[in-house]
Amino acid sequence: MQFGIRANLAQVLHQLLQVLLVGMTIGMMRNVVPALAESEFGVQRGSFMLLVAFVVAFGFVKGAMNFVAGRLAEKLGRRLVLLVGWLVALPIPVIIYFAPSWSWIVAATVLLGVNQGLTWSMTQTAKLDITRPDQRGLVIGLNEFSGYVGVALAAVITGYAASLLGPRAGLLWFGGLVIGAATLLAWLAVAETLPWARAETRTAAAPTAGAMRPRYPTGIGISPTTAEMFALMSWRDRRMAALSQAGLVEKFVDALVWAFWPVYLHQRGVDLPDIGWIVGVYGFTWGAAQFFTGKASDRVGRQRLNVWGMWICGAGVAMFPLASGSAWWSLSAAVAGLGMAMLYPNLSAAVADIAHPSWRASAIGIYRFWRDLGYGIGALGLGLAATLGGDLEAAFWFVAVAMLLSGALLQLWGEETHPRLNPAGDSTPAADISPQARKGSRS
């Protein structure tokens, strides 16, 4: 059984196509739906908390499904979880088409959260299974590049589709084609990668000379319980806790882009295709730059890119309301997208670096639980900030300050995780795999 991108190129490409379609599925909700919340779905102007309700629902559901997906994938396999995720998504375009009120949009977004939690988690986990440790930054960069290019493409395409066919019909046709194609391809072309993860577990139990020695958390066995994994990722291991909180806060940016950017621009007279392009700049920059930032982290490490990415992304958010015009908004979107590209694949890569292969899927699932919970918590914060401040600009400042503080905490608690740049020392076990090692952790 061979590991590496080249050795498994066909399957890596199939998985990249899957995550492109995953991104396009969530992307179809990013432009038309929030921009026309008032005119098409009856949300009154100034109803900030009602407007963010669908993002709140998405965040809490997707976060929970990430948690579940990681555990299920270690028992049932990656491919089955992926297929279930696509089957759940099939009704979404139909619900949007017939939606008589905003509550139907919230219901569709709940299904979207289930879909995204299952499918995006599995595309990432599957590629990590079949590639080498020294390719993790690259492979996660490719994964997120493909996914967020899909998000950006969908924002642009649905803007034009809504203008030509009407918002409901445009989303019906676009969503039906994307979700239908993804389900069929997952069934026909995607392979099960769990055997690779099990083979890596056997290798990790008896490392060869010259192998990289990750700084795995200590005091935890190869088959930890769900409670032990949750504690490890959330507070017992300070590095994992730092990564999890950074993941949670960076999703405040995505919640802002999703819920308020289209509304903010629409209120300033920008039409749907142009909103799609401005929002698309954020997605295209984020997606394209990850192709380079993920690979760069395999050489220079994760920590610096993660910390500076938090701060640069926050700066882009702060720029957005300071001036007006498509050029300025596009520049602000590009700065935010660049910062997101620096941190997004490399937070996940850092988790993968120090997660033992026997419980890596669970570690990634719990990290993604905290990260995507940021949609819900962030959206609640956005709505509250806008309500108390009386305008949308207050939400921008809330997110910018949160990114600054979270980056500072990551700098304080985090460390370099790349096993080549910060390997486990001779006196530090690369992994504690004894069945009794169930309690405690590296702090």
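A: Let's start with a definition: a helix axis is a line fitted to C-alpha atoms over the stretch in contact, and angles run from 0 to 180 degrees between N-to-C directions. Helices are DSSP runs (H or I, at least four residues) numbered from the N terminus. This is a predicted model, where local features need pLDDT of at least 70 and side-chain atom pairs pLDDT 80 or more, while totals for chains, interfaces and linings use all residues. Residues are numbered from 1 along each chain, and side-chain values use heavy atoms, without hydrogens and water.

Q: At what angle do helix 12 and helix 13 cross?

A: Two packed helices are described by the angle and the distance between their axes. Here helix 12 (residues 226-236) and helix 13 (residues 238-259) cross at roughly 80 degrees, their axes coming within 6 Å. They are therefore roughly perpendicular (65 to 115 degrees; over 145 is roughly antiparallel).

Q: Which residues of helix 12 and helix 13 make the contact?

A: Contact means heavy atoms within 4.5 Å. Helix 12 brings L232, M233, S234, W235 and R236, and helix 13 brings R238, M240, A241 and S244. These are five nonpolar, two polar and two charged residues (Asp, Glu, Lys and Arg count as charged; Ala, Val, Leu, Ile, Met, Phe, Trp, Tyr, Cys and Pro as nonpolar; the others as polar).

Q: How do helix 5 and helix 18 pack?

A: Helix 5 (residues 53-76) and helix 18 have axes 7 Å apart, at an angle of about 175 degrees. That makes the two roughly antiparallel. Their contact holds 14 nonpolar, seven polar and seven charged residues.

Q: How far apart are the closest N and O atoms of R71 and E74?

A: Side chains of opposite charge can pair when their charged atoms come close. R71 and E74 form a salt bridge at 3.9 Å (a Lys or Arg side-chain nitrogen within 4 Å of an Asp or Glu carboxyl oxygen). Being three residues apart in helix 5, they are separated by about one helical turn.

Definitions and conventions: Parallel < 35°, antiparallel > 145°, perpendicular 65-115°, else oblique.
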